[in-house]
Amino acid sequence: PFVVTESCIQCKYTDCVSVCPMDCFLEGPNFLVINPDECIDCSMCVPECPVNAIVSANEVSADQEPFVELNRTLSRHPEWKRITRPKSPLPEHEKWAAVNDKLGLLKR
Ligand code: SF4
Ligand code: F3S
């Protein structure tokens with residue numbers, strides 16, 4: 001499957017959700033995940049993300065490895081709901097798009 005990685009945190013542009021043929025994105029307070037059991041590896045969402053947050057789980061860099069499991073566990077979070085229509089990004093998304101190492105800010 002493809003996975004959402006760190007750049008999405010505090011940005012949440014949501015352009016990705018509009019192209020997914022499987023509707024496999026789920027939304028939390030400041031991050032989205034892909035349900036790995038539903039993703040069909042079509043890769044259509046990848047170019048949609050303005051901050052390149054979506055990568056193949058097979059090609060994830062070492063520092064983003066925790067996000068493979070996070071996409072799986074958070075897609076089962078009882079309060080994270082499926083999102084199929086884009087919405088406005090989070091406030092200050094431009095500032096946060098330039099910040100690395102945001103995992104500690106992830107709200108669950
Ligand atoms: Fe959806 Fe395809 Fe992206 Fe998987 S790779 S999340 S199926 S758009
Ligand atoms: Fe996140 Fe990029 Fe989608 S910032 S919400 S993965 S378009």
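Predicted model: local features only at pLDDT ≥ 70, side-chain atom pairs only at ≥ 80, totals over all residues.
Colleague: Before anything else, how do you know how far the predictor trusts the chain?
Modeller: The mean pLDDT of the protein chain is 98, and 100% of its residues reach 70 or more. For the complex, the predictor gives an ipTM of 0.99 and a pTM of 0.98.

Colleague: What makes the chain agree with a compact globule?
Modeller: A compact globule of 108 residues would have a radius of gyration near 13 Å, and the protein chain has 12 Å, so the two agree. The C-alpha trace spans about 30 × 30 × 30 Å along its principal axes. Buried residues make up 33% of the 108.

Colleague: And which share of the contacts links residues 24 or more positions apart?
Modeller: Taking contacts with a separation of 6 or more, 81% are between residues 24 or more positions apart.

Colleague: What is the order of helices and strands along the sequence?
Modeller: The pattern reads β-β-β-β-α-β-α, with 2 helices and 5 strands in the protein chain.

Colleague: Why are β3 and β5 said to stand at the edges?
Modeller: The open sheet holds 3 strands in the order β3-β2-β5, with antiparallel pairing. β3 (32-34) and β5 (81-82) each have a single partner strand, so one side of each is left without a neighbour in the sheet.

Colleague: How do you know that β2 and β3 count as a pair?
Modeller: A pair needs at least two bridges, and β2 (residues 25-27) and β3 share 3 bridges in the antiparallel sense. In one of the bridges, Glu-27 has Leu-32 of β3 as its partner.

Colleague: What is Lys-107 in contact with, leaving aside its neighbours within four places in sequence?
Modeller: Gly-28, Pro-29 and Asn-30. With Gly-28, the sequence gap is 79 residues, while the C-alpha to C-alpha distance is 7.3 Å.

Colleague: Then why is Lys-12 called buried?
Modeller: Buried takes 20 or more neighbours; Lys-12 has 23 C-beta neighbours inside 10 Å, so it counts as buried. Lys-12 sits in the loop between β1 (2-4) and β2.

Colleague: And Asp-41, buried or exposed?
Modeller: Exposed, because Asp-41 has 10 C-beta neighbours inside 10 Å, against the cut-off of 12 or fewer. Its place is the loop between β3 and β4 (54-56).

Colleague: What makes the phi values of Lys-12 and Asp-41 worth a mention?
Modeller: Most residues other than glycine have a negative phi. Lys-12 has a positive phi, near 50°, and Asp-41 has a positive phi too, near 65°.

Colleague: On to the ligands. Which residues come nearest to ligand 1?
Modeller: Phe-2, Cys-20, Cys-39, Cys-42 and Cys-45, out of 14 residues around ligand 1. By class, that shell has 12 nonpolar, 1 polar and 1 charged. Cys counts as nonpolar in this scheme.

Colleague: How does the shell around ligand 2 divide?
Modeller: Into 10 nonpolar, 1 polar and 3 charged residues. Of the 14 residues that surround ligand 2, the closest are Cys-8, Tyr-13, Cys-16, Cys-49 and Ala-53.

How values were computed: Residues numbered from 1 in each chain as written. Chains lettered and ligands numbered in written order. Near = placed C-beta within 6 Å. Helix = DSSP H or I, 4+ residues; strand = E, 2+ residues; numbered from the N terminus. Rg over C-alpha atoms; globule rule 2.2 N^0.38 Å. Contact = placed C-beta atoms within 7 Å. pLDDT = per-residue confidence, 0-100.
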